[in-house]
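Thanks for coming. I will keep this short and go through one protein model, from the overall picture to single residues.

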Amino acid sequence: MTVLDPAAFIRANTRLQPVPHAPEISLWLADEITPIWRLTEEELDEMGVPPPFWAFAWAGGQALSRYILDHPHEVAGKRVLDFAAGSGLVGVAAMQAGAASVLCADIDPFCRAAVDANARANGVTLDFTQTNLLDAAPPDVEVICAGDICYERPMTDAVLAWLAQARARGTRVLIGDPGRTYFPRTGLDFLAEYRVPTSRELEDQEIKRSSVWAMP
């Protein structure tokens with residue numbers, strides 16, 4: 001079986017629920033009572049579904065969203081990029097905080113449907129691109145938000161170098177991370193730390209200490 005309608009797949013396999021650390025926002029997410037929770041990676045692959053990172057509110061994105069909601073001046077009236085957007089959580093937070101516009105970027109084709117569904121659920125408008133932005137110079141935005149980007153060494157290095165290019169051009173760069181292995185320990189300005197509720201099925205702890213940083 002191959003999934004032909006990502007939007008229908010999301011409706012059938014997730015449910016609309018508040019984000020634990022940003023309850024002002026509700027997303028279509030997977031949990032233990034939704035079908036996708038029980039599907040293996042092999043079963044998803046047979047259905048033509050990439051690993052559904054868009055179906056979860058990851059700790060770094062939750063922390064970054066909380067920071068934006070509590071510090072709306074970071075994005076208010078500005079053009080914002082939600083890089084590696086997944087569900088579009090950070091993009092929704094930016095729009096709720098008064099951003100002029102938000103472009104969500106993710107190479108997973110299912111993310112477009114997830115971002116569209118979550119934007120509608122929260123009464124905001126989000127633009128979307130599936131283009132791999134790392135293949136070109138950073139776009140002309142005033143703020144780039146990046147949550148949970150430090151899973152693998154090569155990707156981390158590539159993303160951080162790209163974000164540094166954006167910062168050199170004057171773009172504000174905000175990063176949310178729960179202490180991933182490849183997150184840099186130096187060279188960033190600390191902004192805030194949160195204790196983010198999560199799940200042992202996703203993380204190694206039920207409460208994940210997650211921080212928000214800015215490129216200096």
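Predicted model: local features only at pLDDT ≥ 70, side-chain atom pairs only at ≥ 80, totals over all residues.

Residues are numbered from 1 along each chain as its sequence is written, and side-chain values use heavy atoms, with hydrogens and water left out.

The whole protein comes first. There are six helices and nine strands in it; helices (H or I, at least four residues) and strands (E, at least two) are DSSP runs, numbered from the N terminus. The radius of gyration is 16 Å, close to the 17 Å that the globule rule gives for 216 residues, so the protein is as compact as a globular protein of that length. That radius is taken over C-alpha atoms, and the rule is 2.2 Å times the number of residues to the power 0.38. Along the principal axes, the C-alpha atoms fill a box of roughly 45 × 35 × 35 Å.

Of the 216 residues, 52% are buried. Buried means under 20% relative accessible area, exposed over 50%, and partly exposed in between, with a 1.4 Å probe and protein chains only. Among contacts with a separation of 6 or more, 64% are between residues 24 or more positions apart, where contact means heavy atoms within 4.5 Å.

Now the helices. As background, an α-helix has 3.6 residues a turn, so residues three or four places apart point the same way.

Ala 113 lies in H5, residues 109-121, and is buried at a relative accessible area of 15%. Leaving aside neighbours within four places in sequence, Ala 113 is in contact with Pro 6, Ala 7 and Ile 10. Ala 113 and Ile 10 are 103 residues apart along the chain, yet their C-alpha atoms are separated by 7.7 Å.

Helix H4, residues 89-96, is mostly covered, with seven of its eight residues buried. Those are Leu 89, Val 90, Gly 91, Val 92, Ala 93, Ala 94 and Met 95. Just after H4, Gly 98 takes a positive phi of about 105°.

That brings me to backbone angles. Most residues other than glycine have a negative phi. Ala 84 has a positive one, near 50°. Ala 84 sits in the loop between strand S3 (79-83) and H4 and is partly exposed at 36% relative accessibility. Asp 148 also has a positive phi, about 55°, although it is not a glycine. Where is Asp 148 found? In the loop between strand S6 (143-147) and helix H6 (153-168). Is Asp 148 buried or exposed? At 12% relative accessibility, Asp 148 counts as buried.

Last, Glu 42 in helix H2, residues 41-46. Glu 42 is exposed, with a relative accessible area of 54%. The C-alpha atoms of Glu 42 and Arg 167 are separated by 39 Å.
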